[in-house]
Amino acid sequence: MPEAFADYLSDNAREASINHLNVALATGIQLQLAIKQAHWNIKGPSFIGIHELLDDVYDRMGEHIDTIAERCVILGGTADGTVEAAQKDGKLAPYPADAVHQDTHIEELKKRMVQFAALVHDSLKEVGESGDEETADLFTGVSRDVSKDAWFIGAHHTSAKS
Ligand SMILES: [Fe+2]
């Protein structure tokens with residue numbers, strides 16, 4: 001294992017965290033690409049608002065992905081951030097390449113963002129139990145922010161009830 005920069009953790013705790021971080025990294029990359037796919041192809045009466053929102057969400061996902069990848073390396077792991085790794089280890093279903101209407105993109109993105117937040121939430125509990133509270137804290141922030149962006153996107157659905 002490469003050099004680690006967190007002496008306070010056992011090898012087992014670091015290894016567990018690196019595994020969780022790499023699953024989150026792969027899945028986060030899948031989600032970020034899906035957000036851009038929607039940004040480009042979405043059509044509907046709320047086009048410009050959603051189109052611009054998705055650029056902001058894409059940037060925020062990029063920050064999360066960067067923090068997750070860097071934590072892998074800090075713990076002595078390798079950040080597996082290639083497209084191939086994202087396809088192999090990411091947990092999201094393939095994004096529908098033929099999606100056009102805004103409600104379709106909203107539904108598909110919201111579903112994936114909620115799934116990613118849940119995956120990160122489960123990871124934060126497990127890494128916290130193994131003693132890596134710093135990675136648990138990182139995951140807590142990611143889960144909270146992604147849930148908020150799921151709301152920002154989901155609230156645009158035209159069937160939203162009063
Ligand atoms: Fe753009």
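Student: Which element gives the most to the lining of the largest pocket?

Tutor: That is α1, with four residues. Keep in mind that this is a predicted model. Both α1 and α3 (83-89) give two or more residues to that lining.

Student: How many residues of each class are in the lining of the largest pocket?

Tutor: There are nine nonpolar, two polar and one charged. Among the lining residues are Ile29, Leu33, Val83, Pro94 and Tyr95. Ile, Leu, Val, Pro and Tyr count as nonpolar. Arg112 also lines the pocket, and Arg counts as charged. Gln30 and Gln87 are in the lining too. The volume of this pocket is about 270 Å³.

Student: Let's stay with α1. Why is glutamine 32 called buried?

Tutor: Glutamine 32, found in helix α1, has a relative accessible area of 15%.

Student: What does glutamine 32 touch, not counting residues up to four places away in sequence?

Tutor: Its partners are Tyr58, Met61, Gly62 and Ile65.

Student: And why is serine 147 called partly exposed?

Tutor: Its relative accessible area is 39%. The label covers values between the buried limit of 20% and the exposed limit of 50%, so serine 147, at 39%, is partly exposed. Serine 147 lies in helix α5 (residues 133-154).

Student: What is leucine 109 in contact with, leaving aside its neighbours within four places in sequence?

Tutor: Leucine 109 contacts Ala34, Ile35, Ala38, Leu54, Tyr95 and Ile153. Contact here means heavy atoms within 4.5 Å. One of these partners, Ala34, also lines the largest pocket, as does Tyr95.

Student: Last one: what makes residues 18-157 a named feature?

Tutor: The name comes from UniProt, where an unreviewed entry places "domain: Ferritin/DPS" at residues 18-157. Such annotations may be inferred rather than shown by experiment. In the model, the chain over residues 18-157 is 78% helix and 0% strand, and the end C-alpha atoms are 36 Å apart.

Key
Residues numbered from 1 in each chain as written. Predicted model: local features only at pLDDT ≥ 70, side-chain atom pairs only at ≥ 80, totals over all residues. Heavy atoms only, no water. Buried < 20%, exposed > 50% of the residue type's maximum accessible area, 1.4 Å probe, protein only. 1 Å grid on protein atoms, 1.4 Å probe; cavity = no way out; pocket = protein on both sides within 12 Å on 5 of 7 lines; lining within 4 Å. Points joined across faces, edges and corners; volume = space filled by probe spheres on them.
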